[in-house]
Amino acid sequence: MKIKIEHIPVMPKEVIKFLNIKKNGVYVDGTLGSGGHCQMIAQLLNKKGKIIGIDQDIEAIKFAKKKLAAFKNSIKYVNDNFVNFESILDKLKIKKVDGVLLDLGVSSHHLENPERGFSFRESKENLDSEIDMRMNQSQSLSAYDVLNKYQEDELKNILFNFGEEPYAGQIAKKIVQIRKKHPIVTINDLLSVIKLATPPKYRFSRKYGYYASKVFRGIRMEVNQELLVLQKVIPQIVNRLKKGGRLIIISFHSLEDRIVKQSFREMASAKIVKLPFKKPLTPSKKEIIKNPKASSAKLRVFIKYN
Ligand SMILES: C[S@@+](CC[C@H](N)C(=O)[O-])C[C@H]1O[C@@H](n2cnc3c(N)ncnc32)[C@H](O)[C@@H]1O
């Protein structure tokens, strides 16, 4: 699978401003993706500066390596989950870093590529593709397992909590009913279940966004354990920041932002980090018009005290 669609970096000016790049600093891009943010950081470094680009998706690493070939002496690529942050730095014999960026969630190459089974787009090519949703294609748990093996209660909780889906109970029930007849394999299978479980007025109302988006997001967050890895990585990163070092997190989901905010609060009251601003930054209207995928972004910054 080749990446054809490049992800547009979200809030690029804010990322660069608040990372406060030192030319000879050491930085980590924990969510390399198409390498947009990484390129902007690499451009500001001198020969002594380094950036470690982590992505759990090998396709993202391959793509970024090609795109950023001009910076090959400054960038070290790591195909791993950022949840292993400290052990990644240990392997590279790096004690502390000047700044870290986490730009959470999936990349355009996940959403735009039917083979990856992330998208609810109702095109012929996409409808027939298998639901997968693994960012790391070598992990075993996929959306197929969640849909066909989880108990009804577990499904309901995932759809309600991660997806914030108002019809979570009805959809979970329908998933369990339908899979007794046939497994839920394709994007179309899941869309059909959602259609059977929800009233037309809900599906056609703009008020709730696209009717399938919440279910797809909830399942994706479960498959990739997105909240759990975020919770585990923040203390590791802060532990490895130099004095004055920065951590920037861009989140796209209220539960992600809640985790970030709570970690900030606890560490700020223990005088481990300080915050340049309390409320998260959000993209400008101009940016959202250019890149609608940025619309739900929230950016927070931690600065390490000692
Ligand atoms: C929103 S994209 C990042 C886009 C990037 N900032 C750019 O400018 O192109 C998120 C990327 O992070 C990766 N990712 C998400 N969660 C991860 C995790 N826990 N560990 C490693 N990579 C992760 C995804 O595979 C995806 O490629």
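1. A word on what you are looking at. This is a predicted model, in which local features need pLDDT of at least 70 and side-chain atom pairs count only at pLDDT 80 or more, while totals for chains, interfaces and linings use all residues. Residues are numbered from 1 along each chain as its sequence is written, and side-chain values use heavy atoms, with hydrogens and water left out.

2. Stay with Arg 134 for a moment. Its place is in the loop between helix H6 (124–127) and helix H7 (143–149); helices (H or I, at least four residues) and strands (E, at least two) are DSSP runs, numbered from the N terminus. Which residues does Arg 134 touch, not counting residues up to four places away in sequence? They are Arg 116, Phe 118, Gln 139, Ser 140, Leu 141, Ser 142, Val 223 and Asn 224, where contact means heavy atoms within 4.5 Å. With Gln 139 there is also a polar pairing: a polar side-chain atom of Arg 134 lies 2.9 Å from the backbone oxygen of Gln 139. A polar contact is a pair of N or O atoms within 3.5 Å; within protein, one must be able to donate a hydrogen and the other to accept it, and residues adjacent in sequence count only if both atoms are side-chain atoms.

3. Now to the ligand. It is surrounded by 25 residues, the closest being His 37, Asp 55, Asn 81, Phe 82 and Asp 103; a residue is near a molecule or strand if one of its heavy atoms lies within 4 Å of it. This shell divides into seven nonpolar, 14 polar and four charged residues. In that count Ala, Val, Leu, Ile, Met, Phe, Trp, Tyr, Cys and Pro are nonpolar, Asp, Glu, Lys and Arg are charged, and the others, Gly among them, are polar. Helix H2 (36–42) and helix H5 (108–111) each supply at least two residues of the shell.

4. The backbone takes part here too. An oxygen atom of the ligand lies 3.0 Å from a backbone N or O atom of Ser 34, and a polar backbone atom of Gly 36 is 3.2 Å from a ligand oxygen atom. For Gln 56, a polar backbone atom is 3.1 Å from a nitrogen atom of the ligand. On its own the ligand has 600 Å² of accessible area, and the protein covers 98% of that; accessible areas come from the Shrake-Rupley method with a 1.4 Å probe, and for residues only the protein chains shown count as cover.

5. Gly 33 is worth a look. This glycine sits in the loop between strand E1 (26–29) and H2, and is buried at a relative accessible area of 10%. Leaving aside neighbours within four places in sequence, Gly 33 is in contact with Asp 55, Ala 60, Ala 64 and Ser 107.

6. What is the strand order of the sheet? The open sheet of seven strands runs E3-E2-E1-E4-E5-E7-E6, with mixed pairing. Strand E3 (75–79) and E6 stand at the edges with a single partner strand each, so one side of each has no neighbour in the sheet. Two strands pair if DSSP finds at least two bridges between them.

7. Follow the pairings along one part of that order. Strand E4 (residues 97–103) pairs with E5 in the parallel sense over six bridges, with Val 100 opposite Leu 247 in E5. Strand E5 (residues 241–251) and E7 are joined by six bridges and run antiparallel; among the facing residues, Ile 250 stands opposite Leu 299 and Arg 246 opposite Ile 303. Strand E6 (residues 273–274) pairs with E7 in the antiparallel sense over two bridges, with Val 273 opposite Lys 304.

8. How covered are these strands? In E5, eight of the eleven residues are buried, so this strand is largely enclosed by the rest of the structure. Strand E7 (residues 298–304) is mostly covered, with six of its seven residues buried.

9. Finally, two backbone details to check. Gln 225 has a positive phi, near 50°, in a residue other than glycine; its loop lies between helix H12 (213–223) and helix H13 (226–239), and at a relative accessible area of 30% Gln 225 is partly exposed. Lys 271 also has a positive phi, about 60°, although it is not a glycine. Lys 271 is found in the loop between helix H14 (254–269) and E6, and counts as exposed at 56% relative accessibility.

Technical notes:
Buried < 20%, exposed > 50% of the residue type's maximum accessible area, 1.4 Å probe, protein only.
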